[in-house]
Amino acid sequence: MEKDILLILRKVSEEMGVKSYIVGGYIRDKILNLESNDIDITVEGDGIRYALMLNKILNGKIEIHEKFKTAKIQADKYTFDVVSARKEYYTHSGILPDVELADIVEDIKRRDFTINMLAFDIKEGMIIDLCNGLDDIKNKLIRVVHDKSFNDDPTRIFRALRYSVRLDFKLEPHTELLLKQSIANGDFDNLSTDRIMNEIYLILSEKNPETIVKLMKHYRIDEKIFDGIKINIRNLNTCVRCGDLLLYRFLLFFYNVKKDDLDYLNEKFNFKRQYTKGLSDLIEIKMNLYTLKDDIVAYNLFKDKKIEAINAIYTMEGENIKKIVDRYFEVIRSLKLEINGDDIKELGLRPSPIYKKILDNIYYDKICGKIRSKEDEFERLKQYVEKVKRGEKI
């Protein structure tokens, strides 16, 4: 662990007269020699005051959440999440717990798996290991602490799969049994759709989402969540050539979705607008793949579609479609007109929606190879303007 960070944290603890601890994933990853720049700090006392004092030294960017008594600091390459030690009560399965202030022991007990229950005492310079997390790290096991863990919070099922793949750990046999029982008992039904989709987004953001989604299908989680709508596994580990990676993988994940499925999913999960648009674009492109025979058709089909949807098509379809998409990106999409609306205005047409029609027509002519220079563009422009002045359709 970086000595300068420890010295700073120890100084803040001593000035406040409180005990503080580095907890969870940072400790686990350091033991596994994995790089981690996210540092979770638990304070036996006022976590927000601690964060404010810490940020005076770090001079970073701080966000304070009074309602949850937490703070986040972004300083250099590190992100610090500071909270007050607390214990949790689950009154119903799947809902967020009630919390109250507590000591580090109670705080550790509220965590999901033994490998995340380690705490480093900043003042004493020693690891606290209440539940044999060090042994489970050594033996590469994911283990829950008590039998109601998945029932209390079914999102832990997703996390178990994420950690299993990310760390190359196995589910401890009894933990796997509890996971299967939780799925069979319908505990996912107790989760809000927002919490479910947040877990899906976290999975798709991992380095190896494909293996995690295979595990989801292995345990038939997708059937419980998406009511039989078939999700896709292939190519989920690929990256997008341009655009948003998460949206691209989201579209791959739902690549098999049809229009009726989209209406159902939208009603149930209320996707963000850009995700709905992306899926709608993807479905429309797939329905019209058979028409892709020339540049004009490709341009008309792709021009108003999300770039991530076009990239998903490229990834999933065969070589003929790949060639068309490549040409769209490398040639068609890069074509630019050298004339604009000012040139139309100079020819005596007042600004109106006809400008767009004229420029679109000239763009089509350029795609077809009928225009090869700015002079050609201007000549074609004059022809269209004269037609409009004569009242002819263009």
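In these legends a residue is called buried when its relative accessible area is under 20%, exposed when it is over 50%, and partly exposed in between, as computed with a 1.4 Å probe on protein chains only. Helices (H or I, at least four residues) and strands (E, at least two) are DSSP runs, numbered from the N terminus. The views show a predicted model, in which local features need pLDDT of at least 70 and side-chain atom pairs count only at pLDDT 80 or more, while totals for chains, interfaces and linings use all residues. Residues are numbered from 1 along each chain as its sequence is written, and side-chain values use heavy atoms, with hydrogens and water left out.

View 1. Helix α12 (residues 245-253) is largely enclosed by the rest of the structure, because 7 of its 9 residues are buried. These buried residues are L247, Y248, R249, F250, L251, L252 and F253. With contact taken as heavy atoms within 4.5 Å, the buried residues of α12 pack against α9 (193-204), α10 (209-218), α11 (221-226), α14 (273-287) and α16 (307-316). The N-terminal end of α12 is capped by D244, from which a side-chain oxygen lies 3.3 Å from the backbone nitrogen of L246.

View 2. Rings of Phe, Tyr and Trp (its six-membered ring) are paired if their centres lie within 6.5 Å, and planes under 30 degrees apart count as stacked, over 60 as edge-to-face and the rest as tilted. By this rule the model contains 18 aromatic pairs. F113 and Y163 form one of the edge-to-face pairs, with 6.0 Å from centre to centre and 90 degrees between the planes. This pair links distant parts of the chain, since F113 lies in the loop between α4 (104-109) and β8 (118-121) whereas Y163 belongs to helix α7, 50 residues apart. F113 counts as buried because its relative accessibility is 0%, and Y163 counts as buried because its relative accessibility is 11%. F250 and F254 also form an edge-to-face pair, at 5.1 Å between the centres and 70 degrees between the planes, and both residues are buried. One aromatic cluster is formed by Y201, F226, F250, F253, F254, F269, F271 and Y275.

**View 3. Two charged side chains over tyrosine rings.** A charge is taken to sit over a ring if NZ of Lys or CZ of Arg is within 6 Å of the ring centre and within 35 degrees of the ring normal. R241 lies over the face of Y314, at 4.5 Å from the ring centre. The charged end of K286 is placed over the ring of Y255, 4.3 Å from its centre.

View 4. Two strands are said to pair if DSSP finds at least two bridges between them. An open sheet of 7 strands runs in the order β3-β4-β5-β2-β1-β8-β9, and its pairing is mixed. The edge strands, each of which pairs on one side only, are β3 (61-65) and β9 (126-129). Neighbouring strands of the sheet are turned by 25 degrees against each other on average, direction ignored, where axes are lines fitted to C-alpha atoms, for helices over the stretch in contact, and angles run from 0 to 180 degrees between N-to-C directions. Strands β8 and β9 pair in the antiparallel sense over 4 bridges, and A119 has I128 in β9 as its bridge partner.

View 5. Strands β3 and β4 are antiparallel and pair over 5 bridges, with K61 opposite Q74 in β4 and H65 opposite T70 in β4. These two strands form a hairpin with 4 residues between them, and K69 in the turn has a positive phi of about 60 degrees. Strands β4 and β5 pair in the antiparallel sense over 6 bridges, and the bridge partner of Q74 in β5 is T79. The hairpin of β4 and β5 has 2 residues between the strands, and here D76 takes a positive phi near 55 degrees.

**View 6. Two aspartates with positive phi.** Most residues other than glycine have a negative phi. D76 has a positive phi of about 55 degrees although it is not a glycine, and it lies in the loop between β4 (70-75) and β5 (78-84). D76 counts as exposed because its relative accessibility is 75%. D168, likewise not a glycine, has a positive phi near 60 degrees and is placed in the loop between α7 (155-167) and β11 (170-171). D168 counts as exposed because its relative accessibility is 56%.

Methods: A polar contact is a pair of N or O atoms within 3.5 Å; within protein, one must be able to donate a hydrogen and the other to accept it, and residues adjacent in sequence count only if both atoms are side-chain atoms.
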